[in-house]
Amino acid sequence: MTVRTRFAPSPTGMLHIGGVRTALFSWLYAKHHGGTFILRVEDTDRERSTDEATQVILDGMQWLGLTADEGPYYQTRRMDRYREVIEQWLAEGKAYRCYCTKEHLDELRARQMAAKQNPRYDGRCRECAEHREGVPYVVRFKNPLDGSVVVDDQVHGPVVFENTQLDDLIIARSDGTPTYNFCVVVDDSDMAITHVVRGDDHLNNTPRQINMLRALGATPPVYAHLPMILGADGAKLSKRHGAVSVLQYQEEGYLPSALLNYLVRLGWSYGDQEVFTLGEMIQYFDIKDVNKSASAFNPEKLLWLNQQHIMNAPASVLAVGLREQLASLDVHTEDQVMLEGVANILRERAKTLKEMAQTGLYFFREIDGYEEKSAKKNLTAEALPILQALIQSLQALPEWKAVAIHDVITAISTQFAVGMGKVAQPLRVAVCGSGVSPPIDTTVELLGRVVTLARLQRAQAFIAP
RNA sequence: GCUCCCAUCGUCUAGUGGCCUAGGACACAGCCCUCUCAAGGCUGGUACACGAGUUCGAAUCUCGUUGGGAGCGCCA
């Protein structure tokens with residue numbers, strides 16, 4: 001039997017890292033088993049669902065590379081099917097019309113909670129079958145009255161629920177529209193889902209769903225309830241830490257593989273390995289190795305992993321992201337050689353693509369002045385003859401290569417009987433605008449002779465106008 | 001309140017009765033490397049929530065306590 005998993009977000013908010021982690025585990029499980037990953041948009045709440053939110057989910061999934069093998073399916077387009085099942089259940093006596101008013105229900109709930117009981121519908125309409133013309137009603141599922149349901153959860157192990165604790169849940173509202181738990185059941189059955197991977201906030205819904213699945217004559221899928229992701233402070237994930245759209249991470253210069261790598265290690269591990277390629281994740285991932293306890297979102301580790309992935313990524317991949325980041329800084333370039341060169345030279349010193357674009361700006365446009373402290377320290381009268389010597393030697397250099405440039409710097413430092421730093425730092429500030437850059441020889445090489453000489457001259461003019 | 005879930009360094013985790021004076025990673029501190037910044041290497045501190053029990057032996061098994069979380073909608 002081939003594995004079929006699904007990710008079923010509801011487009012009522014954004015796709016944040018909690019949702020992505022669920023999608024990832026579901027996707028990985030399918031991929032690991034050569035199965036099918038299905039995307040299903042649960043938009044039955046017409047009030048809160050929006051097309052924009054749907055689009056953001058689709059865009060996010062695409063950016064992450066979590067592509068669906070089937071779907072996206074939309075529940076709003078399956079209304080006829082849900083109605084069909086409701087009618088069938090009504091006819092078969094598996095469901096019934098309930099004429100209780102909201103007021104009655106609210107009162108019942110309040111009374112039960114006051115009496116320290118689990119609030120649940122009392123089944124008042126369960127046996128009175130007569131149809132009351134013109135009176136609004138909801139449809140309830142006839143949950144078994146006794147016995148228990150065992151959820152053989154792949155991460156939690158067997159969890160037992162007594163049917164006496166469950167009640168007859170509403171499957172159709174008084175306006176006739178079907179409700180969430182019911183739609184999920186019909187869909188999971190119709191779509192032949194074999195493994196349901198979702199957040200453990202759904203664990204309590206599972207016994208009801210299993211009962212309905214049985215009413216449908218379907219074999220319940222295997223369930224795996226993932227632990228939640230908490231905010232960095234250990235509290236519920238909030239907008240302050242992580243509960244932002246995944247696309248925000250794209251804007252901030254994160255690589256999809258890094259975000260996925262970070263998320264896969266939340267509640268799952270493979271020995272001591274921290275850095276995974278997508279292929280390794282697929283190869284090693286197993287739902288049985290997933291933890292039961294919730295984990296806190298740690299932005300610092302995400303950042304570290306992003307750098308690891310930047311260090312390992314092909315220059316061509318980095319170049320694409322770097323170009324986008326530069327564009328948002330209003331620097332537009334198609335210079336692939338420079339883009340890849342900068343990516344290679346900065347890959348060990350940037351934690352994000354955004355940072356890479358910011359710190360490498362001087363490769364792409366004229367520097368807009370010198371950083372004050374560095375200029376004060378290095379662009380001094382004493383540096384003037386050194387800069388002059390650099391200009392002359394670099395101008396005369398037969399081959400514009402890092403090794404040759406390096407030789408020029410060492411030669412000048414011996415000539416002036418000073419340390420390398422006394423030559424390299426003024427050069428660095430002159431050429432980059434600050435005292436921080438990759439190794440100066442490779443930086444100068446990448447910058448090119450024309451730009452380097454022009455900036456050296458500009459630095460001379462700055463010292464002695 | 002009721003039902004269900006969870007519990008190892010600050011954080012992510014390894015650990016499934018002896019390899020544990022508890023390992024790795026992030027972060028932090030120091031050192032090395034060094035033309036700056038990184039990357040890398042080395043070193044350091046900090047954890048089995050608590051209490052009983054089972055056992056020759058428990059982070060690992062059992063029970064309880066405490067603490068956290070989720071659900072209890074004509075929301076999903």
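**A chat about the model**

Modeller: Let's begin with T36, which is found in strand 2, residues 36–41. Keep in mind that this is a predicted model.

Colleague: Okay. Does T36 count as buried or exposed?

Modeller: T36 counts as buried, because its relative accessibility is 17%, and buried means under 20%.

Colleague: And which residues is T36 in contact with, leaving aside its neighbours within four places in sequence?

Modeller: Those are V3, R4, T5, A30, D69 and E70.

Colleague: Let's zoom out. How many helices and strands are there in chain A?

Modeller: Chain A has 19 helices and 12 strands. Its radius of gyration is 31 Å, well over the 23 Å that the globule rule gives for 465 residues, so chain A is more spread out than a compact globule.

Colleague: What does the C-alpha trace of chain A span along its principal axes?

Modeller: About 105 × 40 × 40 Å. Buried residues make up 50% of the 465 residues in chain A. As for contacts between residues at least 6 apart in sequence, 77% of them join residues at least 24 apart.

Colleague: Now the inside. Which residues touch the most other members of the largest nonpolar core?

Modeller: That core has 54 residues, and F364, L390 and L456 touch the most other members. Helices 11, 12, 13, 15, 16, 17, 18 and 19 each give two or more residues to this core. Helix 17 provides the largest share, seven residues.

Colleague: Why would residues like that gather?

Modeller: In soluble globular proteins, nonpolar side chains tend to be buried together.

Colleague: Switching topic, where does L278 lie?

Modeller: L278 lies in helix 9, residues 278–284. Leaving aside neighbours within four places in sequence, L278 is in contact with W27 and L260.

Colleague: How far apart in space are L278 and F416?

Modeller: They are 53 Å apart, C-alpha to C-alpha, and 138 residues apart in sequence.

Colleague: And the RNA? Which residues come nearest to RNA strand B?

Modeller: Of the 63 residues around RNA strand B, the nearest are K116, R173, G267, E348 and S437. The residues of this surface divide into 20 nonpolar, 23 polar and 20 charged.

Colleague: Which helix gives the largest share of the surface near RNA strand B?

Modeller: Helix 10, with six residues. The elements that each supply at least two residues of this surface include helix 4, helix 5, strand 7 and strand 12.

Colleague: Which parts of RNA strand B lie within 4 Å of the protein?

Modeller: Of those RNA atoms, 68% belong to sugar or phosphate and the rest to bases. A polar side-chain atom of S269 lies 3.2 Å from a phosphate oxygen of RNA strand B, and a backbone N or O atom of P119 is 2.9 Å from a sugar or linking oxygen.

Colleague: What about a base nitrogen of RNA strand B?

Modeller: One is 2.5 Å from a polar backbone atom of S437.

How values were computed:
Residues are numbered from 1 along each chain as its sequence is written. Chains are lettered from A and ligands numbered from 1 in the order in which they are written. This is a predicted model: local features need pLDDT of at least 70, side-chain atom pairs count only at pLDDT 80 or more; totals for chains, interfaces and linings use all residues. Side-chain values use heavy atoms; hydrogens and water are left out. A residue is near a molecule or strand if one of its heavy atoms lies within 4 Å of it. A polar contact is a pair of N or O atoms within 3.5 Å; within protein, one must be able to donate a hydrogen and the other to accept it, and residues adjacent in sequence count only if both atoms are side-chain atoms. Helices (H or I, at least four residues) and strands (E, at least two) are DSSP runs, numbered from the N terminus. Ala, Val, Leu, Ile, Met, Phe, Trp, Tyr, Cys and Pro count as nonpolar, Asp, Glu, Lys and Arg as charged, and the others, Gly among them, as polar. A nonpolar core is a set of buried Ala, Val, Leu, Ile, Met, Phe, Trp, Tyr and Cys residues joined through side-chain atoms within 4.5 Å. Buried means under 20% relative accessible area, exposed over 50%, partly exposed in between (1.4 Å probe, protein chains only). Contact means heavy atoms within 4.5 Å. The radius of gyration is taken over C-alpha atoms; the globule rule is 2.2 Å times the number of residues to the power 0.38.
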